[in-house]
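These are my notebook entries on a single model. I set down what I looked up, entry by entry.

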Amino acid sequence: MESEKKSSHVSDMGAWAMNVVSSVGIIMANKQLMSANGYAFTFATTLTGFHFAVTALVGMVSNATGLSSSKHVPLWELIWFSVVANMSITGMNLSLMLNSVGFYQISKLSMIPVVCIMEWILHNKRYSKEVKMSVVVVVIGVGVCTVTDVKVNAKGFICACVAVLSTSLQQISIGSLQKKYSIGSFELLSKTAPIQACSLLVLGPFCDYYLSGNLLLDYKYSYGAIFFILLSCSLAVFCNVSQYLCIGRFSAVSFQVLGHMKTVCVLTLGWVLFESALTFKNIMGMLVAIAGMVIYSWAVEVEKQTNTKSPHASKNSLTEEELKLLKEGMEKADVEVGQSKA
């Protein structure tokens with residue numbers, strides 16, 4: 001039992017590490033690819049379509065070679081999930097364009113309480129006081145180190161609401177679909193990636209033209225731009241797989257809370273690699289966020305221990321009515337045994 005627990009903890013840590021490393025890596029690669037000082041590839045939605053196209057290709061190769069198995073999931077559920085996921089991607093891009101960076105960060109932080117409320121409504125899931133307290137600490141810490149100017153307008157507010165709701169629903173759906181159809185994270189991803197790739201590659205250029213005013217066909221590809229596009233797509237495979245893997249193993253709330261470690265890593269790497277400004281306020285916010293993540297990990301472990309202990313306690317402590325029913329059942333069994341012997 002102890003060896004199984006150790007191996008599960010190691011695999012959990014591996015999933016989180018893969019998600020953090022690939023997510024931070026893809027952010028750094030995209031920053032070089034899309035910034036004006038880099039290669040000015042301003043087609044974020046189309047780039048996401050490239051990501052899912054490569055992920056779908058990897059899934060097809062894996063299924064063809066027998067490395068992964070394919071399980072049945074109804075097509076309408078895959079289409080519904082893909083629509084929600086694409087709304088999340090498009091809504092995030094529109095929110096970033098129409099709102100200030102400060103309000104964009106606030107909308108991302110609001111996903112944690114929104115996920116909690118949606119899980120309570122959809123799955124009747126409740127959280128302990130310790131978990132709620134740690135979530136508040138994480139939100140405050142990340143808010144302090146990321147939120148600067150806050151400007152809101154009607155269109156941006158609507159896009160932010162759509163992005164937050166669709167992203168929260170998408171992350172909850174990943175876990176529920178895996179449990180409902182007993183399907184692995186990579187198998188589910190290989191089924192949804194082709195649908196998302198096709199839709200984003202068709203609609204992405206139009207969305208990007210609305211966002212940036214640039215046409216994809218007018219972009220002049222250089223060897224450096226092609227290299228960073230391929231690097232971004234490769235990292236996206238690991239990022240997508242690890243996201244499904246983490247949500248399948250834990251929950252959407254845990255993915256959101258511990259996912260803010262990526263924000264801390266991005267700020268630190270931005271200071272190291274790109275000489276971004278890192279103020280005392282940023283450092284204090286990061287320390288508070290890390291403390292909140294530690295408290296959250298502790299609170300989840302405490303909640304798990306109480307949940308595992310409660311069923312044993314209920315089994316050992318029977319009520320008077322249950323004892324009476326048990327005695328009556330034993331007496332009936334003795335009578336039936338006596339009659340069969342006679």
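Entry on Gln243. I place Gln243 in helix α9. Helices are DSSP runs of H or I with at least four residues, strands are runs of E with at least two, and both are numbered from the N terminus. I also noted that the C-alpha atom of Gln243 is separated by 8.6 Å from that of Ser185, although the two residues are 58 apart along the chain.

Entry on the source. The model is predicted, local features need pLDDT of at least 70, side-chain atom pairs count only at pLDDT 80 or more, and totals for chains, interfaces and linings use all residues. Residues are numbered from 1 along each chain as its sequence is written, and side-chain values use heavy atoms, with hydrogens and water left out.

Entry on Asn240. This residue also lies in helix α9, which covers residues 223-249. I find Asn240 buried, with a relative accessible area of 10%. Setting aside neighbours within four places in sequence, I list Phe52, Thr55 and Leu189 as its contacts, a contact being heavy atoms within 4.5 Å.

Entry on the overall fold. I count 13 helices and 0 strands in the protein. Of its 342 residues, 42% are buried. Taking contacts between residues at least 6 apart in sequence, I note that 86% join residues at least 24 apart.

Entry on the nonpolar cores. I use the term for a set of buried Ala, Val, Leu, Ile, Met, Phe, Trp, Tyr and Cys residues joined through side-chain atoms within 4.5 Å. The largest such core has 14 residues, and those with the most contacts inside it are Leu33, Phe41, Phe43, Leu47, Tyr219 and Ile229. Two or more residues come from each of α1 (2-34) and α9. Helix α9 gives the largest share of this core, 6 residues. Another core lies apart from it, with 13 residues, among them Val73, Leu177, Leu188 and Leu189. I then listed the contacts of Phe41 beyond four places in sequence: Leu33, Met34, Leu47, Phe50, Leu216, Tyr219, Tyr221 and Ile229.

Entry on salt bridges. How many salt bridges does the structure hold? I find 1, where a salt bridge is a side-chain nitrogen of Lys or Arg within 4 Å of a carboxyl oxygen of Asp or Glu. The side chains of Glu77 and Lys180 form it, at 3.0 Å from N to O. Glu77 lies in helix α3 (residues 75-98) and Lys180 in helix α7 (residues 154-181), so the pair ties together parts that are 103 residues apart in sequence. The two ends are recorded separately: Glu77 is buried at 8% relative accessibility, whereas Lys180 is exposed at 53%.

Entry on helix α7. Just after α7, Ser182 takes a positive phi of about 50°.

Entry on helix α5. The 13 residues of α5 (residues 111-123) should span 18 Å at 1.5 Å a residue, and the end C-alpha atoms agree with this, being 17 Å apart. I list its buried residues as Met111, Ile112, Val114, Val115, Cys116, Met118 and Glu119. Asn124 follows α5 and has a positive phi, near 55°.

Entry on cysteines. I count 0 disulfides, a disulfide being a pair of cysteine sulfur atoms within 2.5 Å. For Cys161, the closest cysteine sulfur is that of Cys159, at 9.3 Å, too far for a bond. Cys161 is partly exposed, with a relative accessible area of 31%. Cys233 is buried, at 4%.

Entry on the record. An unreviewed UniProt entry lists residues 41-61, 73-96, 223-241, 253-274 and 280-299 as "transmembrane region"; UniProt positions follow the numbering used here, feature names are shortened, and annotations may be inferred rather than shown by experiment. I checked two of these ranges in the model. Residues 41-61 are 86% helix and 0% strand, with end C-alpha atoms 29 Å apart. Residues 280-299 are 100% helix and 0% strand, with end C-alpha atoms 28 Å apart.

Key. Buried < 20%, exposed > 50% of the residue type's maximum accessible area, 1.4 Å probe, protein only. Expected span 1.5 Å × (residues − 1).
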